[in-house]
Amino acid sequence: MYSNENSLAKRINTSEICLSYDQLCKRLLANKQILAWILKGCVAEFAECSMQDIAEKYIEGCPGKTTVSLYPDERSEFVEGAVTEDSTMLEGTVAFDIHFKAIKPDSDTFVSFIFNIEAQKNFYPGYPLIKRGVYYGSRLISSQWGTVFSNSHYEKMNKVYTIWVCTDPPRYRRNTIVSYSLEPHDLAGKTKEKKENYDLITVVMICLGNSGDKNYKGLLKMLGVLLKEDMPAAEKKRILQEEFSIILSTSMEREVSQMCDLGIGLWKEAWDEAKYEDVCNLMEVTGWDMEKCMDILKIPEEKKDFFGMKAVNGKKELVLG
């Protein structure tokens with residue numbers, strides 16, 4: 001069987017690349033220009049607002065990092081707008097990618113919404129992702145006790161949104177945006193309740209996809225371009241500026257370039273590993289030397305020496321040719 005003494009180190013290196021990529025995604029999504037697009041595209045209350053107003057007038061603070069616990073005796077001072085962790089004694093810690101408040105437009109009173117934005121690559125992490133979204137939203141609701149309201153003043157509760165940007169969803173979910181929220185259903189008789197009294201939690205799933213789909217436009221295209229792993233940085237910058245009026249700061253340009261480099265590097269590494277394993281498996285099954293196997297599998301010339309060195313470094317006992 002094919003084995004490699006350095007496989008663990010390579011997996012660790014790949015994990016570090018994925019972690020770096022994930023961190024870059026979060027930093028880019030936390031930019032107010034990007035958040036404005038997300039709010040306008042997913043939140044009904046902001047649908048008629050301009051991007052500039054959402055970014056400059058309604059989003060509070062500057063998304064950063066802090067720690068938030070459920071009860072006041074467990075938490076440090078609450079910092080508005082943050083990458084947060086919500087900790088409880090019984091439920092452990094929930095790490096929120098991006099967490100901030102935004103003022104409700106056209107409100108007679110000062111009302112805020114609480115937002116959580118999550119970047120998620122794996123759509124099937126071993127459980128239904130929507131259930132995790134509901135859990136995160138519930139934690140955002142319960143964590144308001146002692147900060148937004150106290151005692152029994154539930155009338156002061158803020159509505160929460162938890163919005164998930166899924167970068168690698170299954171085919172049937174690509175280029176879709178779905179919103180889940182509470183709705184009343186009369187079971188006996190008919191009654192009316194103010195929407196603001198029950199419409200307190202919404203989970204939104206943004207599932208990105210490829211171009212060529214009729215829904216690949218607006219927010220879906222903007223996020224698709226921003227987070228696409230194999231698009232050159234210069235092309236990203238051009239599309240974001242020309243089609244979406246998003247001006248990249250120096251730091252954003254650097255992060256976009258780093259993301260492209262990481263994405264391309266990760267793809268190349270995955271290709272190398274897959275092709276190298278194909279070569280090794282063919283050698284083992286047939287007894288042919290590596291040169292012959294690489295020729296049959298049409299391995300590019302520039303990769304042949306590299307594969308040969310991998311075999312030597314891995315101390316393979318198969319004939320290299």
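Which distance, counted in helical turns, separates Glu242 and Arg238 in helix H6? The two are four residues apart in that helix, so about one helical turn lies between them. This is a predicted model, where local features need pLDDT of at least 70 and side-chain atom pairs count only at pLDDT 80 or more, while totals for chains, interfaces and linings use all residues. Residues are numbered from 1 along each chain as its sequence is written, and side-chain values use heavy atoms, with hydrogens and water left out.

**Close-up A. Glu242 and Arg238 pair within helix H6.** Glu242 forms a salt bridge with Arg238 (a side-chain nitrogen of Lys or Arg within 4 Å of a carboxyl oxygen of Asp or Glu), and their closest N and O atoms are 2.9 Å apart. Helices (H or I, at least four residues) and strands (E, at least two) are DSSP runs numbered from the N terminus. Glu242 is exposed, at 58% relative accessible area, whereas Arg238 is partly exposed, at 34%. Here buried means under 20% relative accessible area, exposed over 50%, and partly exposed in between (1.4 Å probe, protein chains only).

**Close-up B. Asp199 and Lys159 meet in a salt bridge.** The closest N and O atoms of this pair are 2.8 Å apart. The search of the whole structure finds 10 salt bridges.

**Close-up C. Lys304 of helix H9 pairs with Glu291 of helix H8.** In this salt bridge the closest N and O atoms are 3.6 Å apart. Lys304 lies in helix H9 (residues 301-313) and Glu291 in H8, so the pair ties together parts 13 residues apart in sequence. Lys304 counts as buried at 8% relative accessibility, while Glu291 is partly exposed at 36%.

**Close-up D. Helix H5 crosses helix H6.** The axes of H5 (residues 218-227) and H6 (residues 233-244), lines fitted to C-alpha atoms over the stretch in contact, come within 9 Å and cross at roughly 160°. That makes H5 roughly antiparallel to H6, a label for angles over 145 degrees on a scale from 0 to 180 degrees between N-to-C directions. Nine of the 10 residues of H5 are buried, so H5 is largely enclosed by the rest of the structure. Among the buried residues are Lys221, Met222 and Gly224.

**Close-up E. Asn151 and Asn175 each have a positive phi.** Most residues other than glycine have a negative phi. Asn151, in the loop between H4 and E6, has phi near 55°. Asn175, in the loop between E6 and E7, also has phi near 55°.

Definitions and conventions
Parallel < 35°, antiparallel > 145°, perpendicular 65-115°, else oblique.
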